[in-house]
Amino acid sequence: MFRRYALQSALALVAVTALGACATHTPAPQTLAETVAKTSSLQTFNALVAEAGMTETLKTAGPYTVFAPSDAAFKAVPAKTLDALKADKALLKSVISYHIVPSRLASADVKTGNVKTVQGATVALARAGAFVTVEDALVEQADIAATNGVIHVVDRVLMPPKK
């Protein structure tokens with residue numbers, strides 16, 4: 001009788017161990033800064049966020065919505081314009097903060113209208129079915145979740161209005 005219980009206990013232990021090994025581990029929650037850094041299509045945006053000194057902003061509690069231009073979007077910007085941004089840190093910070101809204105907006109929550117950015121100006125948002133736009137940029141990849149907000153990858157670099 002002892003053998004039977006010992007055998008059943010051993011089998012149960014093996015089953016639990018095997019099931020535990022099969023369980024999927026969800027990645028640890030990450031901030032917007034960490035999520036941008038790990039998203040392969042946002043490496044140019046990530047580098048410019050760092051150059052603008054805004055990495056810490058994307059690590060704070062937020063919540064924020066980041067309309068992050070893809071690497072392909074930055075390739076469409078003339079080299080002269082990118083060089084000017086990199087040379088003028090205040091202008092670069094203005095452009096990066098123009099892509100950030102100080103609230104969490106999932107794509108399903110977007111309503112047509114204007115929202116204020118961290119930069120201070122407003123951007124026009126619109127949603128038609130599953131399509132979301134910000135100004136003239138189309139959201140290519142929506143709802144990348146982070147602990148302190150959400151990221152939407154867009155197909156264009158937005159430029160704030162001249163003051």
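I take two strands as paired if DSSP finds at least two bridges between them. Helices (H or I, at least four residues) and strands (E, at least two) are DSSP runs, numbered from the N terminus.

**Ground rules**

I am reading a predicted model, where local features need pLDDT of at least 70, side-chain atom pairs count only at pLDDT 80 or more, and totals for chains, interfaces and linings use all residues. I number residues from 1 along each chain as its sequence is written, and side-chain values use heavy atoms, with hydrogens and water left out.

**Entry 1: the chain overall**

I listed 6 helices and 7 strands. Along the sequence they follow the pattern α-α-α-β-α-α-α-β-β-β-β-β-β. I then looked up burial (buried is under 20% relative accessible area, exposed over 50%, partly exposed in between, with a 1.4 Å probe and protein chains only). Of the 163 residues, 36% are buried. The accessible surface is about 9600 Å², by the Shrake-Rupley method with a 1.4 Å probe. Carbon and sulfur atoms hold 61% of that surface.

Next came contacts, meaning heavy atoms within 4.5 Å. I took those between residues at least 6 apart in sequence, and 61% of them join residues at least 24 apart.

**Entry 2: the sheet**

In what order do the strands of the open sheet lie? I read E2-E1-E7-E6-E5-E4-E3, 7 strands with mixed pairing. The edges are E2 (100-101) and E3 (113-116), and each pairs on one side only.

I started from the E2 end. E1, residues 64-69, pairs with E2 in the antiparallel sense over 2 bridges. Thr65 has Val101 of E2 as its bridge partner.

Then I moved to E5 (residues 131-134) and E6 (residues 137-146). They run antiparallel and are joined by 2 bridges. Thr133 is bridged to Leu138 in E6. E6 also runs antiparallel to E7 (residues 149-154), with 5 bridges between them. Here Ala145 has Val150 of E7 as its bridge partner. E6 and E7 make a hairpin with 2 residues between them.

Glu135 has one, at about 55°. Glu135 sits in the loop between E5 and E6, in a hairpin with 2 residues between the strands. Is Glu135 buried or partly exposed? I count Glu135 as partly exposed, because its relative accessibility is 36%.

Asp143 is another non-glycine residue with positive phi, near 60°. Asp143 lies within strand E6. Its relative accessible area is 36%, so I count Asp143 as partly exposed.

I also looked up omega. The peptide bond between Gly62 and Pro63 is cis, with omega about 5°. Pro63 belongs to the loop between H3 and E1.

**Entry 3: Val101**

I came back to Val101 in strand E2. Its relative accessible area is 3%, so Val101 is buried. What does Val101 touch, leaving aside neighbours within four places in sequence? I found Pro63, Tyr64, Thr65, Phe67, Val115, Lys116 and Thr117 in contact with Val101. Pro63 in that list is the residue of the cis bond. Lys116 is 15 residues from Val101 along the chain, and their C-alpha atoms are 6.4 Å apart.

**Entry 4: H3 against H6**

Two packed helices are described by the angle between their axes and the distance between the axes. I used axes as lines fitted to C-alpha atoms, for helices over the stretch in contact, with angles from 0 to 180 degrees between N-to-C directions. The axes of H3 (residues 43-51) and H6 (residues 89-97) come within 9 Å and cross at roughly 130°. The pair is therefore oblique (under 35 degrees is roughly parallel, over 145 roughly antiparallel, 65 to 115 roughly perpendicular, the rest oblique). The contact uses Phe45, Leu48, Val49 and Glu51 of H3, and Lys89, Leu92 and Ile96 of H6.

**Entry 5: H6 and Ser94**

Which residues of H6 are buried? I listed Leu92, Ser94, Val95, Ile96 and Ser97. They pack against H3, H5 (79-87) and E2.

I followed up Ser94 of H6. Ser94 counts as buried because its relative accessibility is 19%. Leaving aside neighbours within four places in sequence, Ser94 is in contact with Gln119 and Pro160. I also took a distance to Gly120, 26 residues away along the chain. The C-alpha atoms of Ser94 and Gly120 are separated by 9.0 Å.
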